[in-house]
Amino acid sequence: MTLTDIASAGGGGGSAAVEDAPAGRLQRIARVQALQIVLLLAITVAVFAILRPNTFLTPFNIRGMVQNTSIYIVLGVGMTFVIITGGIDLSIGSVLVFSGVVADKVMASYGGQGWDTVLVGTVVACASGLAWGLLNGVLVAKAKVPPLIVTLGSLSAALGFAQILTKGLDLRDAPRTLVDKVGFGNIVGQVPTLAVIAGVVAIGGIILLHRTRFGLHTYAIGSNAEAGRRVGLKVDRHLIKIYALAGLLAGFAGILNLGFFQSTTIGGQSNTALNVIAGVAIGGTSLFGGVGSVFGTVIGLFIPIVLQNGFIQINVQPFWQQVVVGAVLVTVVYVDQLRRAAAVGGRKHRLPFLSQRGRGTREETA
Amino acid sequence: MTPVLEAKGISKLYGHVEALTGANFDVNAGEVVALIGDNGAGKSTLVRILSGTEPATSGQMLFDGKPVVLTSPVDARALGIETVFQDLALAAHLSPVQNMYLGREVMRKGLAGLLGFMDTPSMRKGSRDAFEKLGATVRNLNGPVGAMSGGQRQGIAVARAAAWAQKVVFLDEPTAALGVVQTKNVLELVRRVSDEGIAVVFISHSMPHVMEVADRIQVMWRGRRVATYRKEDTSMEQLVAAMTGAVSQVAA
Ligand SMILES: Nc1ncnc2c1ncn2[C@@H]1O[C@H](COP(=O)(O)OP(=O)(O)OP(=O)(O)O)[C@@H](O)[C@H]1O
Ligand SMILES: [Mg+2]
């Protein structure tokens, strides 16, 4: 207790004791972090824009970068929720492939190239993803298997099923409407359909996470699951919902992926989950749980894409992008941890997704 | 007078460790009972059982004279029993307001509420009132409680329990991390809560605090109650003797 505490609490009743900071509900730390990432992105963009004034900031190039990020954003929204609970989902790349395969097969047998076929495929893909997500959630929440192991298992199994269903050969039955209107189409002018879809998903995620009780309970569980349980939160059920949401979005990304690549990309998604996790972490969501934002994730996912695009334009081998992204990831998380350690002072010894949920994963100080 | 909450012959085994061995306990409405005993005597274990957080290995619990079985903290809360645990059980990353209303959020009216949108202004107001009533120094209603001092966090946890309790409040060492002024506030709050007819169970290692605030004092030693005294009829020397097992009443 400090002298000012005593001073303001003096007189017993302490009417001056409770003050309201004028700010909104986002924590200040989260805001500083988000600002820092936005700045990083802005500087990166500015550097490339100066180096290549005629080609980098053209509508065509921007459109390409946005389109390349869109599917990752859909995946990143789900991943953000999962990581805020202190979990992890390694399976999303495989679930995306599996959902794409099932949707492709169903659409091929349904026939046609129109919106009705696209709708059928979308429903099937989302349902496939949801099923994997529910399985992940039940195994994490009820069977108490660590999330890392559960989703490592479904990473392998979902891809295996996809290969069994296709004998390992990519399917290419995406209907024309899906490819022309969604994968490569524009809603208006140069605004790609994929980007609008990603934007809608991101805004939905932001509202759900920051404005609703569902979002609040997501933070609470990541912060202190036992405390949540003691005040009556249905922790297990909430975790199942979170993994189900991540699976659903991976399924949805499966149909978008089919429209974009016109292929089920069976061999092409092995790094997807890791890339998305990197974006989420760069965006300020803590792998220890309890902290994070969807907005940060969106920015964090743009950074690698912008770097890659920029390096190609300035004739640096694009492989440098991977090196730089790795360095950015580690630096951002390191700096963030230093600041957090100073601010919250909570000591957490082990990453929660390596442990069973709710079994003394960490020493809580609050 | 029937005690609002009574425990009979509660035992608790952790593997081979006997944390409680046939412990009795009782508290009346509007009464402050201090529960004292040496480290490891079983006070926190008893509180966890009586607040529904852990099941007893054996024993019976009566609420308003009727047997009850608590399977979760939610059961206890439904009966009007609130608890400040020794570890406080706050979510470090959430704000005081969010902690105050966690699990009991006030939703907006109509469709927005059904969609999961919360009535944040009214929760802020409710929290501010509760903290002011306690005189808790919560400077920032929006910051994460993990960034606040131990005393501030304790103030928040105590205010939360006091604000929601209808029948019984358990306070497991509520003044352990507090400075002089905030301790005084908590002790005053304890009296105020009991004046409203609510039973308060107060665990503390501080004999002066116990003597200041308690109506009755129940002493635990090695997993059970060994003595019960009215405050007027006892002294610190007698309490300390009982805590070391030197005294024990037959009908404890
Ligand atoms: N979860 C647990 N697992 C195993 N043993 C436990 C557990 N909780 C408590 N015990 C044991 O039960 C006994 C009683 O512990 P308890 O925490 O109830 O004591 P206490 O009276 O609250 O002590 P203190 O004053 O130090 O808080 C101790 O011997 C303790 O080691
Ligand atoms: Mg204790």
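Tutor: Start with β6(B), which gives the most to the lining of the largest cavity, four residues. Helices (H or I, at least four residues) and strands (E, at least two) are DSSP runs, numbered from the N terminus. This is a predicted model, where local features need pLDDT of at least 70, side-chain atom pairs count only at pLDDT 80 or more, and totals for chains, interfaces and linings use all residues. Residues are numbered from 1 along each chain as its sequence is written, chains are lettered from A and ligands numbered from 1 in the order in which they are written, and side-chain values use heavy atoms, without hydrogens and water.

Now the cavity. On a 1 Å grid over the protein atoms alone, a cavity is a set of points where a 1.4 Å probe fits but cannot get out; lining residues have an atom within 4 Å of a point. Grid points are joined across faces, edges and corners, and a volume is the space filled by probe spheres set on the points. Six cavities of 30 Å³ or more turn up in the whole structure. The largest has a volume of about 190 Å³.

Its lining has 18 residues. Nearest the centre lie A:R230, B:R77, B:E82, B:T83 and B:F85. Both chains take part: α9 (213–230) of chain A, and α2 (73–78), β6 (81–84) and α6 (150–164) of chain B, each supply at least two lining residues. Eleven lining residues are nonpolar, two polar and five charged. Here Ala, Val, Leu, Ile, Met, Phe, Trp, Tyr, Cys and Pro count as nonpolar, Asp, Glu, Lys and Arg as charged, and the others, Gly among them, as polar.

Follow β6 into its sheet. Six strands of chain B form an open sheet with mixed pairing, in the order β6-β7-β8-β3-β9-β10. Two strands pair if DSSP finds at least two bridges between them. β6 and β10 (224–230) of chain B are the edges; each has a single partner strand, so one side of each lacks a neighbour in the sheet. From one strand to the next, the twist averages 20°. Axes are lines fitted to C-alpha atoms, for helices over the stretch in contact, and angles run from 0 to 180 degrees between N-to-C directions.

One helix also reaches β6. Helix α1 (residues 43–50) of chain B lies across β3, β6, β7 (168–172), β8 (199–203) and β9 of chain B, at about 135° to β3(B). Contact means heavy atoms within 4.5 Å.

Definitions and conventions. 1 Å grid on protein atoms, 1.4 Å probe; cavity = no way out; pocket = protein on both sides within 12 Å on 5 of 7 lines; lining within 4 Å.
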